[in-house]
Amino acid sequence: MRRPLGPVGAVLRHVVLMAGAAVMLAPFVWMVLTSFKPQAEILVAELRLLPTRWAAAENYATAMTRVPMLRFLVNGAVVTAAIFVLQVLVNLPCAYALAKLRFRGRGVMFAVVLLCLLIPHHVVAIPIYILFHQVGLLDSYAALVLPFAISVFGIFLMRQFFMTVPNDLIDAARIDGLGEFGIVWRIMLPTAVPAITAFGIFSVVAHWNDYFWPLIVVGSEELYTPPLGVAFFRLNDQGTEYGPLMAAATIVILPLVAAFLVAQRRFIEGITFTGMKN
Amino acid sequence: MTTVALAPRVAEGARGRVTIRGLTKSFGATRVLRGVDLDIADGEFVTVLGPSGCGKSTLMRIIAGLERQDGGSVAIGGRAVDALRPDQRDIAMVFQSYALYPHLTVRDNIALPLRMRRLTFAQRLPLVGRLVPGVRPTERAIDEAVRRVAAVLQIEPLLARKPGQLSGGQKQRVAVGRAMVREPRVFLMDEPLSNLDAELRVHMRAEIAELHRALATTFIYVTHDQAEAMTMSDRVVVMMDGRPLQVAPPARIYDDPEDIRVARFVGSPRINVLPAAATGRGSLDMRGLELPFDADLAAGTAVQAAFRPGMATAVRGSDPSGLAGVLRHRENLGSDLFLHVALPGIEAPVVVRVDPTAVADFPVGEAVSVRVPPAHALVFDAAGARLRPRASAAMRRHG
Amino acid sequence: MADALALPAPAAMRRRGFGEAMAALSLAGPAMALMVLFLVGPLVVVVLLSATDYQLGARSLSYVGLANYAEMFADRVFRKSLENTLIYVAIVVPASVALGLGAALLIEAGTSLRAFYRAVYFLPVMATLIAMAIVWEFMLHPTLGLINLALREIGVEGYNWLQDRRTALFTLCGIGVWQSVGFNMVLFMAGLTAIPGELYEAAAVDGARTGLDRFRTVTWPMLGPVTLFVVVITAIRSFQVFDTVQVMTKGGPNRATEVLLYTMYSEGFSFFRTGYAAAVTVVFLVFVLALSLLKTWVLNRRVHYA
Ligand SMILES: Nc1ncnc2c1ncn2[C@@H]1O[C@H](COP(=O)(O)OP(=O)(O)O)[C@@H](O)[C@H]1O
Ligand SMILES: [Mg+2]
């Protein structure tokens, strides 16, 4: 393949890829275009791309006000950020211990981590739901965040990374007077920034987009995350007002898509990297 | 007491004295250290020399407190340190891989050990630490110390850089700076030059020796490179199979090895070793050649006779006073010409150094005789321990 | 001094080893506790629950053995759900793997617009699926949707895609493929860049002339392990199909899109038949576990190749 295509091949490549790109982009384009159209133009049942009367402002205003959309977005940001911070706090030290400290039970511990890697989080939903029900944590931020504080995948990924950190570096830190906690936060954390970034992208994308778990544990509107919010919006207007609905969908996907467009390579690397290992 | 006599520069103080007794260490079934005893005087430069895997790093790591020994003890400055953490032992270590913190600038790398000692936990916190009372004067003092060290090592222009932007030699200097800044009792260096190219290695060798002279602190230096050991140290510890075989100044190690393994390890090209037998009348029989050697050896006792390539001479043709052989190969290094002479029935050829101008005298494939001056032959028993003639043993005791 | 030193200091030394173990314990402890609380414990509980008649909120429960499983396999809904899930996986996996491979090869075949195509194909992976499901639902609207409007332009009568028993499941499959092509594509791209360029030169010297020759002699054999890996992880992801079903069809029409996770969700969280839902979960787990073990095996083999 590492060989320039002939002119016919080059044209053919673009024809096929453009056709594919059109399919991939169609929902996004249609969503955005519809979010600009007034209801009347949507209901005419004719194939028209651009609106004749622009209703973008109304649609987006409706999307933001009919439900507390801003609140949902803030919830999403708070929840994903809290999950990520907790994941680093909980799993990074563990990964360091598994990679660099010698202690009894380390092998067993790592085996448990590997086994837990095989458990999809849907499987543990019912017992965790019951647990939260028992302790009265359902329908709270804690319920949205806590189950994801542990990320065996994060432990695994960080451990693999720490295995590549030379032991000399850690020994130097010990001689310089750092304790094990100091080593984790002052040396390992800054050293692991590339791996943590990749994991962070993976984590944020997964939890911003997660629908299953919030759907189960959250009942109050104030706690809705963006996916719940947009689903709620759709139920709320009986699925008839497509302009505002598409505006709401646009708003929900916008933060991640914008971040992706800004830092494409990092996102793709992050997801591939984690995808390969996951 | 011999220690004191042999160490050229012994200060009165005991600050940097290191005493090691009966150190043992195993990793699973591998016995890495099999009883190491060592006395290192304050201010001495001691090199631990040995082949890869002989336990040098393990010894260093135990002295530093990074590894726990199975038995035996280590004392620094007359105080047992076995129960102390590495940072409490008042030592500094320079690693082969430099082990610089990749996310910190050179300045912060060098300052880190001081920050850890002189600032409290609260003062070390990021951001808020700056607000805790007492930080400023301490930080200023630390900065001053870093600058002094940087001046000595001539790395001031690098202070703002990160390790990733430094060359190997520069990293090396920074690593030394980080060790120096805390003014430790003992410097531990584990093959610090082995990641540098040959030229830089020679240069840094001189610099480290100079640094040692300037600091007058105890240096324990680990290497598998005999050139480093021979050029820098006051004394060399030749280590093999987890035990020191000989501890002596470089010249003694070379001229007067206690063990055939030491003789073999030190010197390039390697020393020649030939089987010989005691005649019972004050001499040895080495392949028909009689070497005078006055020792209490029963006739027929098998020994090993060894001589360095530079000690023997070669003559073309056969000569009754030499070992007869055939020239197999010549190595002309310009300054030296080494002849590889095959002796019948012996697998490894004997290597002899001759003057390069004589290259035409020695065509490959011709008969060559090797003459060994008896005074330069080193004799070892079958197990490899050095045997000395009576007279010279007495001489050495008085000399 | 020497004599005093010759004694080892075992108590002190043991204390230091203890220190390292304590440090390890305090560093790994929180993660381990949470792992037991949120993963290992619940896993055990879900298996145990599947042998009970527990109903959410009930004060008591009793052991019913395999009754839930017996009920499940006798139940038309569950059988339909399992069948639909398998059909979904059987369609989405080959389609999205093949298209992902094709996209990766085509994009890497040239240099122009490479970044653009990669970004566009990857976009659906990033976009919140639930929002995109709502967009798709609108696009699939029988009279107002883009799809049917476009079909009408070329004189074809579309379906009521999501409400028609004949098309609903396949429509969801299509959305599943749309969403995972980009993911598979970047995995293949990573695999492609790992192929050394000399191999193509060697193949050219050995007489591989056409692109197809090169693909057959170099690309495909080198991508083989990657492909196997991509197939398995796509299968695992497809088994977890839920969002689109929950928001677009609710398993309908007439159970045509009932899938395992949706069954589990509605039994467990709509009807509160927790024991039964747990049994469904266990079946789901068995499938995913089998695939995960296959993946681990593939990964280990990849290590040997690398
Ligand atoms: N942490 C360890 N676990 C197991 N074996 C080790 C460990 N550290 C060193 N060894 C073994 O101990 C021996 C000596 O190692 P080392 O002290 O590093 O030798 P050197 O520095 O002289 O090359 C080697 O055989 C090495 O494999
Ligand atoms: Mg070593």
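Student: Where does Pro269(B) lie?

Tutor: Pro269(B) sits in a loop of chain B, between α10 (260-265) and β11 (272-278). Keep in mind that this is a predicted model.

Student: And the peptide bond from Ser268(B) to Pro269(B), cis or trans?

Tutor: Cis. Omega is near -5° for the bond from Ser268(B) to Pro269(B).

Student: Where are the domains of chain B?

Tutor: Domain 1 of chain B covers 18-255, and domain 2 covers 272-398.

Student: How far apart are the centres of those two?

Tutor: The centres of domain 1 and domain 2 of chain B are 41 Å apart, taken over C-alpha atoms.

Student: Switching to the ligand. Which residues surround ligand 1?

Tutor: They come from chain B: Phe27(B), Val32(B), and then Pro51(B), Ser52(B), Gly53(B), Cys54(B), Gly55(B), Lys56(B), Ser57(B) and Thr58(B).

Student: What part of Gly53(B) lies 2.6 Å from an oxygen atom of ligand 1, backbone or side chain?

Tutor: Backbone. An N or O atom of the Gly53(B) backbone is 2.6 Å from a ligand 1 oxygen. Lys56(B) also places a backbone N or O atom by a ligand 1 oxygen, at 2.9 Å.

Student: And Thr58(B), backbone or side-chain atom?

Tutor: Side-chain. A polar atom there lies 2.5 Å from an oxygen atom of ligand 1.

Student: Next, chains C and A. How many residues are in contact?

Tutor: On the chain C side, 107 residues; on the chain A side, 91.

Student: Which residues of chain C lose the most area to chain A?

Tutor: Leu27(C), Phe38(C) and Met126(C). Together these three make up 9% of what the chain C side buries.

Student: What is the area buried between the two chains?

Tutor: About 8800 Å² between chain C and chain A. Carbon and sulfur atoms give 79% of that area.

Student: How many salt bridges across that interface?

Tutor: The rule finds 1 between chain C and chain A. Arg234(A) and Glu137(C) form a salt bridge through their side chains, at 2.7 Å from N to O.

Student: How many polar contacts there?

Tutor: 14 residue pairs are in polar contact across the interface of chain C and chain A, with both residues at pLDDT 80 or more. Helix α2 (residues 10-49) of chain C gives the largest share of the chain C side, 21 residues. By class, that side has 78 nonpolar, 18 polar and 11 charged residues.

Student: How many salt bridges over all chains?

Tutor: 37, from a search of the whole structure.

Student: Back to Arg234(A) and Glu137(C). Why does that pair join two chains?

Tutor: Because Arg234(A) lies in helix α13 (residues 226-236) of chain A, while Glu137(C) lies in helix α6 (residues 129-139) of chain C.

Student: Last one. What does the domain assignment give for chain C?

Tutor: Domain 1 (2-35) and domain 2 (70-300). Their C-alpha centres in chain C are 50 Å apart.

Conventions: Residues are numbered from 1 along each chain as its sequence is written. Chains are lettered from A and ligands numbered from 1 in the order in which they are written. This is a predicted model: local features need pLDDT of at least 70, side-chain atom pairs count only at pLDDT 80 or more; totals for chains, interfaces and linings use all residues. Side-chain values use heavy atoms; hydrogens and water are left out. Contact means heavy atoms within 4.5 Å. Buried area is the accessible area (1.4 Å probe) that two parts lose on being put together, summed over both. A salt bridge is a side-chain nitrogen of Lys or Arg within 4 Å of a carboxyl oxygen of Asp or Glu. A polar contact is a pair of N or O atoms within 3.5 Å; within protein, one must be able to donate a hydrogen and the other to accept it, and residues adjacent in sequence count only if both atoms are side-chain atoms. Helices (H or I, at least four residues) and strands (E, at least two) are DSSP runs, numbered from the N terminus. Ala, Val, Leu, Ile, Met, Phe, Trp, Tyr, Cys and Pro count as nonpolar, Asp, Glu, Lys and Arg as charged, and the others, Gly among them, as polar. Domain bounds come from an automatic or database domain assignment. A residue is near a molecule or strand if one of its heavy atoms lies within 4 Å of it.
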